[in-house]
Amino acid sequence: MNIVLFGPQGSGKGTQARLLCEKYGFFYFESGAYLRKIAETNIDLKKSLGEGNLVPDKEMTSYLTAFFDDKNIYDDILFDGFPRTVDQYRYLKKWLTQKQVKINLGLVLEISEEETLKRLSARRQDPVTGKIYNLITDLPPAEIDANTLIQRDDDKPDAIKKRLELYHLRTELLIKEIQKDTKVVRVNGERSIDVIQKELEEIMRININIIKNAKN
């Protein structure tokens, strides 16, 4: 079972994705973290990401397919941040079909633009571990000095607004495209982490049973 998790920046995708993967044993692929790792040795990519730009569809897809081909993983994947466009989805769909699997479920966490700006403006990263915290919704533990945390370039207001524009322009079209092939469920992301997770777990339970029954 492969899942794509959608939501604007700051919607809590990463937190919810990790909780789902811990519970169900999915492989978690977070495109943003993966790209930032590549950008450590790619100056042009680092600059582009810092300006809030998206990686071209073909280039992004080549990164992803090479990654999973190397690991020989094609199923039980939770995709966070990929695909972002209709073309990326079509590339992914074709590649998964070759591996005899597909996207089985789309999940969308919905929050307002105001909430996105509020959350991301408060997001900070540990420069040593790379772990992301939020000074509003996900405070660092007591042993972490909040003054040592840094704000990433792509979490500053101008970059946030640019990313939001791209999200609404491209990703909403993508969701409509994916709905032609599989079930997409929208979830209110402006609630507590626990409440959202419980709803996602119920959605997962229902769809896992559907897939099991279809195989029998």
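This is a walk through the model, one selection at a time.

Before you click anything: the model is predicted, so local features need pLDDT of at least 70 and side-chain atom pairs count only at pLDDT 80 or more, while totals for chains, interfaces and linings use all residues. Residues are numbered from 1 along each chain as its sequence is written, and side-chain values use heavy atoms, with hydrogens and water left out.

**Stop 1: the sheet**

Show the cartoon and pick out the strands. Helices (H or I, at least four residues) and strands (E, at least two) are DSSP runs, numbered from the N terminus. Five strands make an open sheet in the order β2-β3-β1-β4-β7, with parallel pairing. Its edges are β2 and β7 (183-188), each of which pairs on one side only. From one strand to the next, the twist averages 20°. Two strands count as paired if DSSP finds at least two bridges between them.

Now go through the pairs:

- β1 with β3: parallel, with 3 bridges. Select I3 and you'll find its bridge partner L78 in β3.
- β1 with β4: parallel, joined by 5 bridges. Here N2 stands opposite I103 in β4.
- β4 with β7: also parallel, with 6 bridges. Look for L107, whose partner in β7 is V185.

Stay on β4 for a moment. How much of β4 is buried? Of its 8 residues, 7 are buried, so the strand is largely enclosed by the rest of the structure. Buried means under 20% relative accessible area, exposed over 50%, and partly exposed in between (1.4 Å probe, protein chains only).

**Stop 2: helix α1**

Select residues 13-24, which make up helix α1. The helix lies across β1, β2, β3 and β4, and runs at about 175° to β3. For angles like this one, axes are lines fitted to C-alpha atoms (for helices, over the stretch in contact), and angles run from 0 to 180 degrees between N-to-C directions.

Next, colour K13, G14, Q16, A17, L20 and C21, the buried residues of α1. Look down the axis: they fall within an arc of 165°, so they line one face of the helix. That arc is the one spanned by the directions from the helix axis to the C-beta atoms. An α-helix has 3.6 residues a turn, so residues three or four places apart point the same way. The buried residues of α1 pack against β1 (2-6), β2 (27-30), β3 (77-80), β4 (103-110) and α8 (193-215); contact means heavy atoms within 4.5 Å.

Just past the end of α1, click on G25, which takes a positive phi of about 75°.

**Stop 3: helices α5 and α7**

Select α5 (residues 86-98) and α7 (residues 157-178): their axes come within 8 Å and cross at roughly 40°. On the α5 side, show V86, Y89 and R90, which meet L173, L174, E177 and I178 in α7. Those contact residues divide into 5 nonpolar, no polar and 2 charged. In that count, Ala, Val, Leu, Ile, Met, Phe, Trp, Tyr, Cys and Pro are nonpolar, Asp, Glu, Lys and Arg are charged, and the others, Gly among them, are polar.

The buried residues of α5 are V86, Q88, Y89, L92, W95 and L96, and they pack against β1, α4 (57-71), β3, β4 and α7. Try the distance tool on α5: at 1.5 Å a residue its 13 residues should span 18 Å, and the end C-alpha atoms are 19 Å apart, which agrees. The expected span is 1.5 Å times one less than the number of residues. Following α5 comes Q100, with a positive phi near 65°.

**Stop 4: Q9 and R163**

Find Q9 in the loop between β1 and α1. At 8% relative accessibility, Q9 counts as buried. Leaving out residues up to four places away in sequence, Q9 touches R84, I111, T116, L120, R163, L164 and Y167.

Hop to R163, found in helix α7. Is R163 buried or exposed? With 14% relative accessibility, R163 counts as buried.

**Stop 5: D126**

Finish at D126, in the loop between β5 (123-125) and β6 (132-134). D126 has 8% relative accessibility and counts as buried. Setting aside neighbours within four places in sequence, D126 is in contact with K131, Y133, I144 and L149.
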